[in-house]
Each structure stands twice: as structure tokens, then as C-alpha cells.
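Please look through the sequence and the model below before reading on.

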Amino acid sequence: MAVDTVHQCPHCELRFAYRPELEDHVRRDHEPIAGDDLATTLPASAGTVIVPVDPTRDPTLAISIAASLARQAGLDVEVVAVPLLGVASDAYLRARVQEAVAAGAPEARGNLIVTAATPAAAIVDWADRSHTVLVCMATHGRTRIGN
């Protein structure tokens, strides 16, 4: 992108540095107008940012970071979890999806990945099979000393 490229909203004249930001603004803040070329050329999602979460841990900043990246790039957010025995994963997953929406994700959904594989292998397999552009996740939460 050239330094002097500016994308201006045809409805309210707000200016944006990146076209996906303009498209997101038009989608969220303006009613579709018949014959509006920007509204009719808005692409469907170009892919998905997946955010693996662990129902046994507190929520992470990865969800809000993924929502921000998705909003800027015109991507969807998919929060995924591998359910563990004895852990209520459904309510946790719904809460994380709501957190992504509150953080500004254009589209957000959640999926429980039921598998016999390890959580890491399940996440990699899920990313390979879906239209994943980016995996956004936190570290394992250990300190430098190691727990």
C-alpha cells in the first residue's frame, strides 16, 4: 500500500488507511443503498482466525487480539475448544464467543472439537480442514521459571 492511499467512506466521508476497515465501517454503520457499488462489492469473509481456548483456564487476551485482527483484515473469528471430561465446556465457549463479539469481531462462532487426539493435534487438524488464515492463541501460561 502506498503511504498516501486513503479510502474514504462515500456515505459520511470518514477516511481509512485500509480497505477492510472501510468495508467493515460500511457494513456496521450504514444501511445498504440500492446501486451502491461499495455495498455490492463487499467480499464475503476471506477466511477465519481461530482462537483455541482451554476451558480449565481463565480467558486470555488472544480473543480480543483475534477480534481486532479479524476486523482489520475482514476475517471471521472462530473460538475452538477441546472438551475435557468433567469440565463444562459449552457455557465457557459461549462466553468466549460473546467476548469476541464484544471485542468487535465482524462474525464470531464457537466449536467444540471432539477428538481422541491431544488438544494440540486436534487444533492443528481443525486448522488444516477449515478455511483458517491465522491461529491466534496465548502461551501455556508458565513463567520463565516453569511450573
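In what follows, a residue is called buried under 20% relative accessible area, exposed over 50%, and partly exposed in between, with a 1.4 Å probe and protein chains only. The model is a predicted one, in which local features need pLDDT of at least 70 and side-chain atom pairs count only at pLDDT 80 or more, while totals for chains, interfaces and linings use all residues. Residues are numbered from 1 along each chain as its sequence is written, and side-chain values use heavy atoms, with hydrogens and water left out.

By the accessibility cut-offs, Cys12 is partly exposed, with a relative accessible area of 35%, whereas Cys136 counts as buried at 10%. A disulfide is taken here as a pair of cysteine sulfur atoms within 2.5 Å, and the structure holds 0 of them. For Cys12, the closest cysteine sulfur is that of Cys9, and the 3.7 Å between the two sulfur atoms is too far for a bond.

The sheet comes next, and its elements need a word on naming. Helices (H or I, at least four residues) and strands (E, at least two) are DSSP runs, numbered from the N terminus, and two strands are said to pair if DSSP finds at least two bridges between them. On that basis, 4 strands form an open sheet in the order E5-E4-E3-E6, with parallel pairing. Strand E5 (108-112) and E6 stand at the edges with a single partner strand each, so one side of each is left without a neighbour in the sheet. From one strand to the next, the twist averages 30°, where axes are lines fitted to C-alpha atoms, for helices over the stretch in contact, and angles run from 0 to 180 degrees between N-to-C directions.

Helix H3 (residues 62-73) makes a right-handed β-α-β unit together with E3 and E4; right-handed means that, with the strands pointing away from the viewer, the path from the first strand over the helix to the second runs clockwise. H3 lies across E3, E4 and E6, running at about 180° to E3. Helix H5 (residues 119-129) packs on the sheet as well, touching E3, E4, E5 and E6 (contact meaning heavy atoms within 4.5 Å), and its direction makes about 165° with that of E3. Ala73, which is found in H3, is partly exposed at 39% relative accessible area. Ala73 and Pro20 are 53 residues apart in sequence, yet their C-alpha atoms are 5.6 Å apart in space.

The charged side chains complete the tour. Side chains of opposite charge can pair when their charged atoms come close. Counting a salt bridge as a side-chain nitrogen of Lys or Arg within 4 Å of a carboxyl oxygen of Asp or Glu, a search of the whole structure finds 5. In one of them, Arg109 and Asp76 meet at 3.7 Å, N to O. Arg109 lies in E5 and Asp76 in E4, so this pair ties together parts that are 33 residues apart in sequence. Arg109 is partly exposed at 35%, while Asp76 is buried at 14%, and a network of salt bridges links Asp76, Glu78 and Arg109.

Glu99 forms a salt bridge with Arg96, their closest N and O atoms being 2.9 Å apart; the two residues are 3 apart in helix H4 (residues 89-102), separated by about one helical turn. Glu99 counts as partly exposed at 25% and Arg96 as buried at 11%. Asp54 also forms a salt bridge, with Arg57, at 3.9 Å between the closest N and O atoms; here Asp54 is partly exposed at 30% and Arg57 is exposed at 53%.
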